[in-house]
Amino acid sequence: MARTGEKMTEPTQPNELKDEKEGISIWSTILSQVQASSPNKLPSCKLVLILGDDECGKTSLIAKLQGNEDPKKGSGLEYHYILVRDEYRDDHTQLGVWILDGDPWHRNLLKYVVNEVSFPHITVLLAASMTQPWNILESLEKWAMILEENLDRLKLDSDLVKEFKQKTLKRFQEYLEPRDEIENVTSLKKGSGSEEETISLPLDEITLTCNVGLDVIVVVTKTDFMSTLEKDYDYKDEHFDFIQQALRKFCLKFGASLVYTSVKEDKNCDLLYKYLVHKIYSFPFKTPALLVEKDSVFIKPVQREGEIAAEEDQTFLLKQQNLLNQQLSTSVRSQESSMRTPSGAEKTSDRRLSGTTTVQNSPRKIDGPDAVAGSEGVLQNFFNSLLNRKTGPGASSSSASLQSPEKVSVRNDAVAELDRMMRLKKPLAPNQSNNIDNLMNASPGDTGPSSSPQM
């Protein structure tokens, strides 16, 4: 019997313990299954295929992305991997990297990498070196052709290939710069409410003409060699612009991105890694295209500019009419101000030298001291007109044949004033009289010693 105050407890049955263990086991199984099938888990089936000539820096580039300071180069078909971590979801995976030997003779090894199973998970890098810019396009076209030949030999489902090509086309047409996505640009969408349809921009004649359905990135390596090209081969900015233009045209055909890298100077290597994990694992990527530095170019498949909304015709015409009215009112005000200018304003000597002399049509009779001052003014105007006459054989013949009435009037005024001065003062010396007569008898176009008389 139990003591007074003690509580009787029933012994635990074996069936209850069994049920509790089974409940824990069921929940553990459910959690493990959910975790294994979680869509947020980084996939481990993704891979990168790198194609390019020998010595173009393929192995060194991947070693840089791995953080490996001592890369080892293999032969035939190399395999590497890059450790990818997702700090936000506390997850990690390995991105497989296959590097094909630069000798096209090894192209048959591609069947172990590109096949019906791996096709949906492949990202292709076409590498070319800036050490030989004259061979870049030829190298890229050669390896692109090898890739297309290998894809054509695969027994891929036509619907699957069509689906991937359509995805590439849609991604190319609907691409927006990262800053535009942040600003939530809606100018490229139409519709109302929750049902919005994205506007697909048209493509030109060369864009995506070689759509293989895969993500392609063109990587130009060893861009640090540009300084050597400038020094030893006299390359200018125009040459590098031409190379970039040719590369961008090539990228348009495949819908590819373009990245300039330099392992030696560590340029764009980290940017390439971030872009790879963005394309493959959809990591955030907010870096826009980079075009300023010629050796650090980064261009994504397409850069779309925001649409410019056109004004209505009536609004545009009203603006133009207002501008015309403003110009007309300004012109009228300037004419009115010029008409208000006093007509008797004193003219400076500079204006007289430029041919704007005041000429009177008929002589005035002035007596006394004012007569001498008036006669001197007339003589000054006369001599200034002689100095301002055009010189040269053409000017002389034309002036001799045609004389304006104003010049004739000036000459008559000068003769009249000289006669009156001779009557008022003592007779001039013989040499002075001869100089004045020579001036009076000279033709308007004559030049020479007589044009500078000695009074």
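Mentor: Let us begin with two helices: the axes of helix 3 (residues 136–153) and helix 7 (residues 237–254) come within 11 Å and cross at roughly 10°. This is a predicted model, in which local features need pLDDT of at least 70 and side-chain atom pairs count only at pLDDT 80 or more, while totals for chains, interfaces and linings use all residues. Residues are numbered from 1 along each chain as its sequence is written, and side-chain values use heavy atoms, with hydrogens and water left out.

Trainee: Why are helix 3 and helix 7 called roughly parallel?

Mentor: Axes are lines fitted to C-alpha atoms, for helices over the stretch in contact, and angles run from 0 to 180 degrees between N-to-C directions. Angles under 35 degrees count as roughly parallel, over 145 as roughly antiparallel, 65 to 115 as roughly perpendicular and the rest as oblique. The crossing angle is roughly 10°, and helix 3 and helix 7 are therefore roughly parallel to each other.

Trainee: Which residues of helix 3 and helix 7 meet?

Mentor: With contact meaning heavy atoms within 4.5 Å, Ile136, Leu137, Leu140, Glu141, Ala144 and Glu148 of helix 3 meet Ile243, Ala246, Leu247, Phe250 and Phe254 of helix 7. Ala, Val, Leu, Ile, Met, Phe, Trp, Tyr, Cys and Pro count as nonpolar, Asp, Glu, Lys and Arg as charged, and the others, Gly among them, as polar; by class, this contact has nine nonpolar, no polar and two charged residues.

Trainee: What makes helix 2 and helix 8 roughly perpendicular?

Mentor: The axes of helix 2 and helix 8 come within 10 Å and cross at roughly 75°, and helix 2 and helix 8 are therefore roughly perpendicular to each other. Here Leu61, Lys64 and Leu65 in helix 2 meet Cys269, Leu272, Tyr273 and Leu276 in helix 8, a contact that divides into six nonpolar, no polar and one charged.

Trainee: Why does one side of strand 2 and of strand 9 lack a neighbour in the sheet?

Mentor: Two strands pair if DSSP finds at least two bridges between them, and seven strands form an open, mixed sheet in the order 2-3-1-4-7-8-9. Strand 2 (77–86) and strand 9 (298–299) stand at the edges with a single partner strand each, so one side of each is left without a neighbour.

Trainee: How do you know that strand 2 and strand 3 pair?

Mentor: Ten bridges join strand 2 and strand 3 in the antiparallel sense, against the requirement of at least two. His80, for instance, has Val97 in strand 3 as its bridge partner.

Trainee: What makes the ring pair of Phe285 and Phe298 edge-to-face?

Mentor: Rings of Phe, Tyr and Trp (its six-membered ring) pair if their centres lie within 6.5 Å, and planes under 30 degrees apart count as stacked, over 60 as edge-to-face and the rest as tilted. By this rule the count comes to nine aromatic pairs. The centres of Phe285 and Phe298 are 5.9 Å apart and the planes stand at 75°, so the pair is edge-to-face.

Trainee: Why does Phe285 count as buried?

Mentor: Buried means under 20% relative accessible area, exposed over 50%, and partly exposed in between (1.4 Å probe, protein chains only). Phe285 has 7% relative accessibility and therefore counts as buried, and Phe298, at 0%, counts as buried too.

How values were computed:
Helices (H or I, at least four residues) and strands (E, at least two) are DSSP runs, numbered from the N terminus.
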